[in-house]
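Trainee: I'd like to learn how to read a model like this one, feature by feature. Could you walk me through it?

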Amino acid sequence: MTAAPTTDGVLVDRYGRVARDLRVSLTDKCNLRCTYCMPAEGLPWLAGPQLLTDDEIVRLIRVAVQRLGITEVRFTGGEPLIRPGLVDIVTAVAALQPRPRISLTTNGIGLARLAPVLHAAGLDRVNVSLDTLERARFTELTRRDRLADVLAGLSEAAAAGLTPVKLNSVLMRGVNDDEAPALLRFALAHGYELRFIEQMPLDAQHRWDRTTMVTADEILASLAGEFTLTPDQAERGAAPAETWLVDGGPARVGVIASVTRPFCGDCDRTRLTADGQVRACLFATEESDLRGALRAGADDAELARRWQAAMWGKRAGHGIDDPSFLQPARPMSAIGG
Ligand code: SAM
Ligand code: SF4
């Protein structure tokens, strides 16, 4: 691999893509057990000393924002709302100059209580994951009877001004693949923006199967039975979701078709795991250890240089359709979805 050029101020890769959007995983732990994500018994969680401290996280985000051109910071996990220092981390990131946009991807449990506090701390928006509106299905799918908490979290997020509230839904064949129209009806009624996410080979159990996953085409066909969808002409840019106007608009629905319509050529992401590893891609098999460098005394310039080197090596695409595709060793919950 050729060495990264000394391009100051940006995270650029060999293919000319520039990363502006940083996904930070705050924990690999979770209070749900979605069947497409982790097993019922959970996973061997990262040990305390392996995790970045709140100060270490804020320092690395500062380096990314002030030295590497990051303009969007999204917190995720695992479940980011269970990180004790979350509010302080958001407060510190919102105080950075230039101030990045700050969002959070959550399962919504605890959001009803935290939404006003997080908004006051500087959080701009939330994405809430909701795969079904039926209580029994929710309990089967997440292995916890918590649908009511998620719905309360959604309302409070909207009331607190964490808008636009986006909903993320993963459909699974024979489980909730008949629910696309109902989810869209619910989103329209409440003013939430719904995006369906194709299921990806990132589950801890390695059960994902290309031949049975619900595809973007199937989701759109199912919605078309009830709604008129017209392609949204707005510039998509690096956004992963392809969007459609619903019944003439202005409401929209999105599909993130990472598997059947990959958008790697426009990807502008860089990722930091809860244990301080930079990943150029969800599907990367390599990571670059910033925690070790940071704890060994690296200064900000050195951390930025290492981050640039990690991104320079980003592969052109995820290669899911390649016969040689290898699922990454870490599951989605440990990488940060
Ligand atoms: N716990 C939070 C949540 O569920 O929103 C944040 C982390 S979760 C890993 C982030 C997103 O990834 C969720 O919307 C979840 O549905 C999605 N996800 C998890 N495993 C997935 C998989 N194998 N394929 C596609 N999406 C997945
Ligand atoms: Fe937890 Fe999110 Fe994974 Fe569900 S998808 S188990 S809520 S990390």
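Predicted model: local features only at pLDDT ≥ 70, side-chain atom pairs only at ≥ 80, totals over all residues.

Trainee: Fine. Which residues are the closest to ligand 1?

Mentor: A residue is near a molecule if one of its heavy atoms lies within 4 Å of it. Here 18 residues surround ligand 1, and the closest are Tyr36, Gly78, Glu79, Ser129 and Met200. Then look at the N and O atoms: a polar side-chain atom of serine 129 lies 2.6 Å from an oxygen atom of ligand 1. A backbone N or O atom of methionine 200 is 2.8 Å from a nitrogen atom of the ligand 1 molecule. Asparagine 168 has a side-chain N or O atom 3.5 Å from an oxygen atom of ligand 1.

Trainee: And which residues are around ligand 2?

Mentor: Cys30, Leu32, Cys34, Cys37, Met38, Gly78 and Asn107. To sort them, count Ala, Val, Leu, Ile, Met, Phe, Trp, Tyr, Cys and Pro as nonpolar, Asp, Glu, Lys and Arg as charged, and the others, Gly among them, as polar. That shell splits into 5 nonpolar, 2 polar and no charged residues.

Trainee: Back to asparagine 168: where is its place?

Mentor: In strand β7. Helices (H or I, at least four residues) and strands (E, at least two) are DSSP runs, numbered from the N terminus. Burial comes next: buried means under 20% relative accessible area, exposed over 50%, and partly exposed in between (1.4 Å probe, protein chains only). Asparagine 168 is buried, at 8%.

Trainee: Which side chains does asparagine 168 make polar contacts with?

Mentor: A polar contact is a pair of N or O atoms within 3.5 Å; within protein, one must be able to donate a hydrogen and the other to accept it, and residues adjacent in sequence count only if both atoms are side-chain atoms. The side chain of asparagine 168 pairs with that of asparagine 127 at 3.4 Å and with that of arginine 195 at 3.3 Å. Asparagine 127 also has a side-chain polar contact with arginine 74, at 3.3 Å.

Trainee: What about the charge on arginine 74, then?

Mentor: Lys and Arg count as positive and Asp and Glu as negative, with His and the chain ends not counted. A salt bridge is a side-chain nitrogen of Lys or Arg within 4 Å of a carboxyl oxygen of Asp or Glu. Arginine 74, in strand β4 (residues 72–76), is buried yet has no salt bridge; the nearest side chain of opposite charge, aspartate 21, is 5.4 Å away. Aspartate 21 itself belongs to a salt-bridge network with Arg23, Asp268 and Arg269.

Trainee: How many salt bridges does the count come to?

Mentor: 26. One of them joins arginine 99 and aspartate 124, with the closest N and O atoms 3.1 Å apart. Arginine 99 sits in the loop between α2 (86–94) and β5 (101–106) and aspartate 124 in the loop between α3 (111–121) and β6 (125–129), so the pair ties together parts 25 residues apart in sequence. Glutamate 287 and arginine 279 meet at 2.6 Å, N to O; glutamate 287 is partly exposed at 31%, whereas arginine 279 is buried at 2%.

Trainee: Which residues are buried in helix α6?

Mentor: Ala180, Pro181, Leu183, Leu184, Phe186 and Ala187, within residues 180–190. Contact means heavy atoms within 4.5 Å, and what covers these α6 residues includes α5, β7 (166–170) and β8 (193–197).

Trainee: Last one: what should I look for in the backbone?

Mentor: Most residues other than glycine have a negative phi, and most peptide bonds are trans. In this model, the bond joining glutamine 97 and proline 98 is cis, with omega about -5°. The bond from glycine 249 to proline 250 is cis too, with omega near 5°. For phi, arginine 143 has a positive value near 60°, and histidine 206 has one near 55°.

Methods
Residues numbered from 1 in each chain as written. Chains lettered and ligands numbered in written order. Heavy atoms only, no water.
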